[in-house]
Amino acid sequence: MLADEFPLILRLVEASHFEEAKFFAAIAASGARALLIGRRALIALGLPLLTRDYDFWIHADDVAAFNAGVSGFDLFPSQSPEEARAKGRYVLENDEKVDVLVARTVFTVDRVRVGFDEVWARRRLIEVNAGVEAVIPSLDDLILTKRFGARPKDAEDIRMLEALRSQESK
Amino acid sequence: MMNKPPLMNPPSAEALARVRQIAERRLSAEEFDAYVNAPMSEDERREILDSVAWFTRRYPTPGERLAAARLAYKRWVKGMP
């Protein structure tokens, strides 16, 4: 009995072999509409920041596809797709932590309604590695998503993004 | 011969948890806007853009930047109590 379960237990406790480029490639291949948001998106754009998590905002209909896409990385969802949709967010976790927002609309701290479909329509691609692309919101939308959580570090991030935007508009 | 400087004790886990709680708190719309809209000095703007210029020069692709940030975070965590 234990001999049968041991490989599974070992798989659960051993360190995952996480390769970031393969992780993004798997998300792209999953077909899920997934936007990289949060500090990882800022880092990809060129802001030198620290963060533990990956943050994604995905289409509410694509939870199962997203989970299946990253299942090879031993990332386990905290909730079923139905529960995640009802709650609006969930977590995929092992050694890595992926926060997933699944709400169709989110309101900023000052009650501005932000819809996934509109942000998705304005999305941008970044090439993470050769042949591997990730989807991020436009700079304006990335700033809007930073107004969801409204923590001090989000305000700090917006100031950095505004500085970046001011340079790009020159 | 110089005296050895005193050893600095890292902050306790409780102190770090308290700092994390403060840093993770949700601000009101007014507090948040006050922070975001505070005038940015030319020095602050230059400092941000200089750090971006350094980071993108050192790590030219998004993949390299993400990998560097992952490594930096792991090193940082190792140094925490």
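Biologist: How many salt bridges does the rule find across the interface of chain A and chain B?

Modeller: In this predicted model, the rule finds 5 salt bridges across that interface.

Biologist: Why is the pair Asp33(B) and Arg147(A) called a salt bridge?

Modeller: The closest N and O atoms of Asp33(B) and Arg147(A) are 2.6 Å apart. The rule asks for a side-chain nitrogen of Lys or Arg within 4 Å of a carboxyl oxygen of Asp or Glu. Arg147(A) and Asp33(B) at 2.6 Å therefore count as a salt bridge.

Biologist: Which elements of chain A each supply at least two residues of the side that touches chain B?

Modeller: They are helix H2 (20-30), helix H3 (38-45), strand E8 (124-129), helix H7 (139-149) and helix H8 (152-168). H8(A) gives the most, with 12 residues.

Biologist: What makes up the side of chain A that touches chain B, by class?

Modeller: It has 21 nonpolar, 6 polar and 14 charged residues. Tyr and Trp are counted as nonpolar and Gly as polar, so these numbers follow that sorting.

Biologist: How many residues does the contact take from each chain?

Modeller: Chain A gives 41 residues and chain B gives 35. They are counted because they have heavy atoms within 4.5 Å of the other chain.

Biologist: What area is buried between chain A and chain B?

Modeller: About 3200 Å², with carbon and sulfur atoms giving 61% of it. On the side of chain A, Leu50(A), Pro152(A) and Arg159(A) lose the most area to chain B, together 21% of what that side buries.

Biologist: What is the volume of the second largest pocket, and which residues are closest to its centre?

Modeller: About 440 Å³. Of its 21 lining residues, Ile37(A), Asp55(A), Arg89(A), Asp99(A) and Arg151(A) are the closest to the centre. H7(A) gives the most to this lining, with 4 residues. By class, the lining has 7 nonpolar, 4 polar and 10 charged residues.

Conventions. Residues numbered from 1 in each chain as written. Chains lettered and ligands numbered in written order. Predicted model: local features only at pLDDT ≥ 70, side-chain atom pairs only at ≥ 80, totals over all residues. Heavy atoms only, no water. Buried area = accessible area lost by both parts, 1.4 Å probe. 1 Å grid on protein atoms, 1.4 Å probe; cavity = no way out; pocket = protein on both sides within 12 Å on 5 of 7 lines; lining within 4 Å. Points joined across faces, edges and corners; volume = space filled by probe spheres on them.
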